[in-house]
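Let us take a walk through a protein chain together, one stop at a time. Please have a look at the sequence and the 3D picture before reading on.

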Amino acid sequence: MSTVDRWLLPDGIEEVLPDEAARIEAARRMLLDLFASWGYDLVITPHIEYLESLLTGAGHDLELQTFKMTDQLSGRMLGLRADITPQVARIDAHTLGSEGPCRLSYCGSVLHTRPRPLSTSRSLIQLGAELYGDASTASDLEIISLMLETLLVCGVSGMHLDIGHVGVYRPLVHAAGLDSETEGALFDALQRKAGDEVMSILAPLGELAEARMLASLAQLSGGIEVLEQAHMLLDGAPEAVMAALDDLQDLAAALQARYPQIPLYFDLGELRGYHYHTGISFAVFVPEMGQSIAQGGRYDDIGRDFGRARPATGFSTDLRLLVERGSIGAPNRPAVWAPFSAEPGLHAAVQSLRREGHRVIAALPGQQDLDALSHGCSRILRLVDGTWQVCELNF
């Protein structure tokens with residue numbers, strides 16, 4: 001690399017400059033305090049781990065997104081974290097070992113080998129919360145509510161909540177006796193909402209009731225009325241399917257009561273995170289943005305690979321994206337200018353102001369009072385009658 005190119009960063013890797021960094025940090029502090037007020041304890045996970053630890057449970061789908069390297073000490077493969085969720089699952093399952101419900105939160109940088117669809121960034125600040133140890137829909141409701149509160153306090157507007165449940169699709173596939181190849185083709189067609197293709201894939205099953213039910217999933221999307229329609233079209237389905245629909249109706253009623261201003265959208269053919277979600281899945285979308293701004297779901301037994309399977313549900317978001325789409329401003333902290341001076345008492349006055357929470361910028365040799373303006377200072381320390389006092393900066 002030539003000298004003139006050394007300032008370049010890899011594609012999708014960004015630096016954060018002061019104004020944006022101040023907004024991100026303000027949001028981080030505010031949101032972690034919000035999580036704490038709900039009882040979620042902060043954990044900080046390592047940036048790098050043994051590869052097999054990162055790619056367990058929900059991490060299997062992340063293998064292509066994970067940067068890999070060899071540990072010079074052990075010779076084992078290491079990975080740079082692409083998702084913090086598996087790490088937090090390890091903490092709950094192995095490190096903490098709590099018997100009852102456990103609430104954990106996190107915020108940290110993650111790196112991807114490739115950007116997400118409809119994005120250019122490979123460097124994210126992942127913020128999220130996880131609730132372990134409870135399999136009821138009350139936990140799903142709490143996590144979704146916390147996710148919505150997170151977006152609301154950040155000033156995100158125009159959002160709607162998409163909700164699905166893999167417990168509708170998975171039992172029907174099992175009851176229909178589909179082989180893995182047919183299921184894979186059906187899964188792909190459902191995600192593309194290719195109704196004719198779905199019918200063609202299921203045609204060999206003839207008049208089998210489960211085939212008719214699977215075909216109906218391509219059309220079962222819309223508002224809360226979809227759940228009533230699903231109860232009729234899926235009548236006679238395995239008990240687990242009806243239980244999943246009941247859970248969705250209970251959740252919908254509670255969310256409508258809590259957040260009547262947020263539209264709910266149900267899609268029983270949308271299988272986001274199908275390979276690791278075990279129940280309800282959800283995502284929030286906003287106008288003019290093709291990817292979700294926050295997402296999550298239930299992934300029971302995620303801790304199995306760490307020696308203790310536990311019910312789990314959680315959500316995550318990219319803090320930088322959240323700040324970009326929200327209305328969080330940088331903290332307004334007008335600074336105080338401290339002149340370059342050897343006069344006694346100046347350092348003590350500066351330190352006293354800083355302890356009180358003021359931002360104080362000390363002049364360096366050669367800097368004049370006029371330089372205070374370029375540093376965002378609106379006040380200045382002046383020696384008045386033998387004492388250092390804060391005065392308005394006027395020129």
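In which helix is Ser139 found? Ser139 belongs to helix H4, which covers residues 137–153. Helices (H or I, at least four residues) and strands (E, at least two) are DSSP runs, numbered from the N terminus. This is a predicted model, in which local features need pLDDT of at least 70 and side-chain atom pairs count only at pLDDT 80 or more, while totals for chains, interfaces and linings use all residues. Residues are numbered from 1 along each chain as its sequence is written, and side-chain values use heavy atoms, with hydrogens and water left out.

Let us stay with Ser139 for a moment. Because its relative accessibility is 4%, Ser139 counts as buried. Buried means under 20% relative accessible area, exposed means over 50%, and partly exposed lies in between (1.4 Å probe, protein chains only). Leaving out residues up to four places away in sequence, Ser139 touches Leu131, Asp134, Arg298 and Thr313; a contact means heavy atoms within 4.5 Å.

Now step back to view the whole chain. Its secondary structure comes to twelve helices and 16 strands. The C-alpha atoms fill a box of roughly 95 × 55 × 45 Å, taken along the principal axes. Of the 395 residues, 47% count as buried. Among the contacts with a separation of 6 or more, 69% are between residues 24 or more positions apart.

Next, look inside. A nonpolar core is a set of buried Ala, Val, Leu, Ile, Met, Phe, Trp, Tyr and Cys residues joined through side-chain atoms within 4.5 Å. The largest such core has 74 residues, and the members touching the most others are Leu161, Leu214, Leu217, Leu234, Leu255 and Ile293. Helix H10 (residues 239–258) gives the largest share of this core, with eight residues. Another core, of 16 residues, lies apart from it and includes Val43, Leu104, Val110 and Ile302.

Leu214 takes us to helix H8. With 0% relative accessibility, Leu214 counts as buried. Beyond its neighbours within four places in sequence, Leu214 is in contact with Tyr169, Leu172, Val173, Ala176, Leu178, Leu186, Leu190 and Leu202. Helix H8 (residues 209–216) is mostly covered, with six of its eight residues buried. Those six are Glu210, Ala211, Met213, Leu214, Ala215 and Ser216. The buried residues of H8 pack against helix H5 (166–176), H6, H7 and helix H9 (225–233).

How do two of these neighbours, helix H6 (residues 180–191) and helix H7 (residues 195–202), pack? Their angle is about 165°, and their axes are 8 Å apart. Axes are lines fitted to C-alpha atoms, for helices over the stretch in contact, and angles run from 0 to 180 degrees between N-to-C directions. H6 and H7 are therefore roughly antiparallel, a label for angles over 145 degrees. In their contact, Thr182, Ala185, Leu186, Ala189 and Leu190 of H6 meet Glu197, Val198, Ile201 and Leu202 of H7. By class, this contact has seven nonpolar, one polar and one charged residues. Here Ala, Val, Leu, Ile, Met, Phe, Trp, Tyr, Cys and Pro count as nonpolar, Asp, Glu, Lys and Arg as charged, and the others, Gly among them, as polar.

H7 and H8 also pack at an angle of about 165°, with axes 9 Å apart, so H7 and H8 are roughly antiparallel to each other. Their contact is made by Val198, Met199 and Leu202 of H7 with Ala211, Leu214 and Ala215 of H8. By class, the contact of H7 with H8 has six nonpolar, no polar and no charged residues.

Our last stop is the backbone. Most residues other than glycine have a negative phi. Lys193, however, has a positive phi near 55°. Lys193 sits in the loop between H6 and H7 and is partly exposed, with a relative accessible area of 34%. Glu288 has a positive phi too, of about 60°. The loop between strand E10 (280–285) and strand E11 (294–298) holds Glu288, which is exposed because its relative accessible area is 83%.

How values were computed
Parallel < 35°, antiparallel > 145°, perpendicular 65-115°, else oblique.
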